[in-house]
Amino acid sequence: MSMEANVVARRSLKQDQLNSEEAKVDSNAAMIMYYLIKGLSHIAFYWGVVTRYVELTDKDLQDYKPGEIVTWLQFSSSDKGGKNLQWFQERNTILTIASLTGRSIIDFSNCDQEEDEVLFLPHSSFLIELGLCQYVVLWVDDNIFDEKWENKKHMEQASTLGTRVNVHFIPKSNTESALAFLRSEFGQRLKYSNTFRIVTDMKRANESDSSTAGARLIYKVRKLGFTQSCLIFTGHEESAYEKLEQLFGNRKIDGIKVTQNQYDLEDFVIFNGN
C-alpha cells in the first residue's frame, strides 16, 4: 500500500471510530434523558408563582408578545417566588410564571441551600401576558405576594371590578426587581407612556435599608429617566417627606405624592386625577 493510500485508510478508520463514538454518546444521552424525564414525571406538579431570569435580545422579544405561546425546548429552572434566587440576576429580564406543570426538585437539587427550585421539562409551553396594555401600574411592596396582603382588594378592584379603565398591574416585592423590570425591554416601552404609574410602600423588611426603601426606589426611578406619577402609600406621611427631602433636596417633588388615605390610593391606581 502506498503512503498516500495508507494515510487515507487511517483517516477513514479514525473517522469511523469518531462516528461510532458520537453515535454511542447520542444513544447514551437519549437513554439518560428518557429515564430523567420518566423519573421527574413521578414528582407532583407545583402550582404557584415561580421566577426565572433570562437574557432576551431584541429578536427574542418578537416572540414574547401578549397572547403568544412560547415553547422552551430545554430543561428550564426557576425558583419559588424568586426571593432566594442568587444565580443569573445579571440577566436583563425576570419572568414571573404561574406554574401548573413545573416540578419541585428541592430534594434533588444541588442548589437546595440557595433556592427552592422548580424545573420545567423540555417542550414546556407558556402563554405570554405582559403588563403592556394601555393603563399600567408598577406596584412595589414587600408583602405583595402574600394572600392576606392588606392592599390586595385595591388591586383586584382596579383590574377586575369594571372600573372605567382596564388597569394591568406589575407586582414587585423589592426595589431591585422593580428596577430590573424598568431596565428591561418591556419596561423601556413604558418609559414615555402617560398611562404608566408607580406605587410603592416606604418600608420593606426584605431590603437592607428597609426604612427608606420607597424613597430610594423613586430616586432611582428618576435616575433611569422615568418621569411618571409616583405614589408612596405609607402610614407616616411626615416621615416620608423627610426621607424624600434627604434624597432629592426638596420635600415637594413634581409627580411624587405621599398619602396614607386609601381613597387617594384607589383614585391613583384607576387613573382618576393626577
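A salt bridge here is a side-chain nitrogen of Lys or Arg within 4 Å of a carboxyl oxygen of Asp or Glu. Before I use that, the ground rules. This is a predicted model, so local features need pLDDT of at least 70 and side-chain atom pairs count only at pLDDT 80 or more, while totals for chains, interfaces and linings use all residues. Residues are numbered from 1 along each chain as its sequence is written, and side-chain values use heavy atoms, with hydrogens and water left out.

Now the salt bridges. By the rule I gave, there are five of them. Glu-207 pairs with Arg-204, and their closest N and O atoms are 2.7 Å apart. Glu-207 and Arg-204 are both buried, where buried means under 20% relative accessible area, exposed means over 50%, and partly exposed is in between, with a 1.4 Å probe and protein chains only. Glu-207 also forms a salt bridge with Arg-216, at 3.2 Å from N to O. Arg-216 is buried, as is Glu-207. Through shared partners, salt bridges link Asp-201, Arg-204, Glu-207, Asp-209 and Arg-216 into one network.

Another salt bridge joins the side chains of Glu-176 and Lys-220, 4.0 Å from N to O. Glu-176 belongs to helix α4 (residues 175–183) and Lys-220 to helix α6 (residues 213–223), so the pair ties together parts that are 44 residues apart in sequence. Helices are DSSP runs of H or I with at least four residues, strands are runs of E with at least two, and both are numbered from the N terminus. Glu-176 is partly exposed at 47% relative accessible area, and Lys-220 is partly exposed too, at 34%.

What does a buried Arg-197 do with no salt bridge? Arg-197 sits in strand β9. The nearest side chain of opposite charge is Asp-267, 8.6 Å away; for charge, Lys and Arg count as positive, Asp and Glu as negative, and His and the chain ends are not counted. The Arg-197 side chain does reach the backbone oxygen of Phe-268, at 2.8 Å. That is a polar contact: a pair of N or O atoms within 3.5 Å, where within protein one must be able to donate a hydrogen and the other to accept it, and residues adjacent in sequence count only if both atoms are side-chain atoms.

Lys-191 is in the loop between α5 (185–188) and β9 (196–200). Lys-191 counts as buried because its relative accessibility is 16%. A polar atom of the Lys-191 side chain lies 2.9 Å from the backbone oxygen of Leu-224. Leaving aside residues up to four places away in sequence, Lys-191 touches Leu-224, Gly-225, Phe-226 and Gln-228, a contact being heavy atoms within 4.5 Å.

On to the whole chain. The protein chain has eight helices and eleven strands, and 41% of its 274 residues count as buried. Of the contacts with a separation of 6 or more, 78% are between residues 24 or more positions apart. The chain exposes about 16400 Å², with carbon and sulfur atoms supplying 50% of it; areas come from the Shrake-Rupley method with a 1.4 Å probe, and for residues only the protein chains shown count as cover.

Last, the surface. Tyr-35 lies in helix α1 (residues 3–40) and is exposed, at 54% relative accessibility. Met-31, Tyr-34 and Tyr-35 make up a nonpolar surface patch with about 380 Å² of accessible area together. Patches are made of residues with over 30% relative accessible area and no salt bridge; like charges are joined within 9 Å, and nonpolar side chains (Val, Leu, Ile, Met, Phe, Trp, Tyr) within 5 Å.
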